[in-house]
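Have a look at the model before reading on.

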Amino acid sequence: SMKFYNSLNSIPKIKNPIVTIGTFDGLHVGHQKILSKLKKSCSVLDGESVVLTFDPHPRKVLYPDNDELRLINTQEEKIDILKSSEIDHLIVCPFTIEFSRMTSVDFVKEVLVKKIGIRKLIIGYDHHFGRNREGGIEELKELSELYDFEIEEVSAKVIENVNVSSTKIRNALAEGRVNIVSEYLGYSYPLSGKVIEGDKIGASIGFPTANIGEIDVNKVIPGNGVYAVQVKVTGVWFKGMMNIGTRPTIGDSEKRIEVNIFDFDEQIYDQEIKVNFIRKLRDEMKFDDLEKLKSQLFLDKNMSLELL
């Protein structure tokens with residue numbers, strides 16, 4: 001099971017650490033190629049895999065005024081995905097302005113060599129790090145000779161065959177193309193939050209919804225519309241459909257995120273639920289009255305059941 005450290009000072013002695021570094025937002029199939037190389041190296045060198053990542057996301061710290069930067073994964077999601085990829089050690093390094101000023105030479109010497117005892121570094125092509133991203137592969141090669149560790153660059157070809165980037169994923173999410181996002185990520189796009197009390201209009205037409213509030217502020221929310229989803233509540237997975245938007249039929253202007261969980265009838269206020277997006281069904285539409293909305297919801301539900 002994966003060991004987790006949230007400071008650089010708590011790292012015990014690791015056997016032949018094979019390390020990869022990155023922000024890994026989205027942990028998409030390109031990243032997963034790097035992780036599988038990491039695990040392969042572990043069996044060859046009889047080592048243990050180490051993923052070094054940062055929290056908060058470096059761009060959040062360096063450009064705090066940029067509200068555009070929402071993330072594909074929350075820290076919790078990232079940890080869950082890494083756990084399931086059977087990584088031995090996850091080090092989450094607190095990222096601060098002070099840390100960002102560290103030179104790449106110091107980073108290698110103080111963090112990789114002294115704190116971790118690195119045996120081999122595996123990085124994606126075009127990986128830069130250290131102050132102003134000044135450290136590149138050439139410098140790393142010199143440092144690896146100096147400090148006696150191996151280095152392997154995962155070629156552009158391997159990653160670009162996958163042809164995925166966080167930007168592509170964000171754009172697809174904005175367009176609601178969550179099925180494409182699943183292909184990019186290798187898993188369904190997740191969203192978690194606490195259930196808050198709504199105005200119970202859904203319940204009045206036979207489609208009670210759980211309103212999700214308190215979602216991580218940095219998380220990318222898929223574009224408005226109706227989606228077929230899977231919902232994890234009280235530890236069990238259910239099928240359901242989700243509406244993201246302003247509920248034009250009711251004339252609401254506030255954006256809401258609500259999910260109708262099929263075959264479920266319990267009060268779950270204040271509980272955390274997790275939603276996996278499977279497929280967008282349609283855009284939000286304005287209906288003349290609640291009856292027309294209700295008959296559309298029956299169609300949506302049948303469609304969801306077919307997809308799920």
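In this predicted model, S2, H1 and S3 form a β-α-β unit that is right-handed. S3 then sits in two parallel pairings, one with S2 (residues 17–21) and one with S4. Here's how those pairings look, with one residue pair for each:

| Strands | Sense | Bridges | Residue pair |
|---|---|---|---|
| S3 and S4 | parallel | 6 bridges | Phe54 and Cys93 |

S3 is also largely enclosed by the rest of the structure, because 6 of its 8 residues are buried.

Next up is helix H3, which spans residues 75–84. Just past the end of H3, Glu86 has a positive phi of about 60 degrees.

Now the nonpolar cores. The largest one counts 49 residues, and the members touching the most others are Met242, Val259, Ile273 and Phe277. Helix H1 (residues 29–45) supplies the largest share of this core, with 5 residues. There's also a second, separate core of 27 residues, with Leu8, Ile14, Ile91 and Ile116 among them.

What does Phe277 contact, apart from neighbours within four places in sequence? The partners are Val178, Ser182, Ser188, Tyr189, Leu191, Pro222, Tyr227, Ala228, Val229, Met242 and Ile244.

Definitions and conventions. Residues are numbered from 1 along each chain as its sequence is written. This is a predicted model: local features need pLDDT of at least 70, side-chain atom pairs count only at pLDDT 80 or more; totals for chains, interfaces and linings use all residues. Side-chain values use heavy atoms; hydrogens and water are left out. A nonpolar core is a set of buried Ala, Val, Leu, Ile, Met, Phe, Trp, Tyr and Cys residues joined through side-chain atoms within 4.5 Å. Buried means under 20% relative accessible area, exposed over 50%, partly exposed in between (1.4 Å probe, protein chains only). Helices (H or I, at least four residues) and strands (E, at least two) are DSSP runs, numbered from the N terminus. Contact means heavy atoms within 4.5 Å. Two strands pair if DSSP finds at least two bridges between them. A crossover is right-handed if, with the strands pointing away from the viewer, the path from the first strand over the helix to the second runs clockwise.
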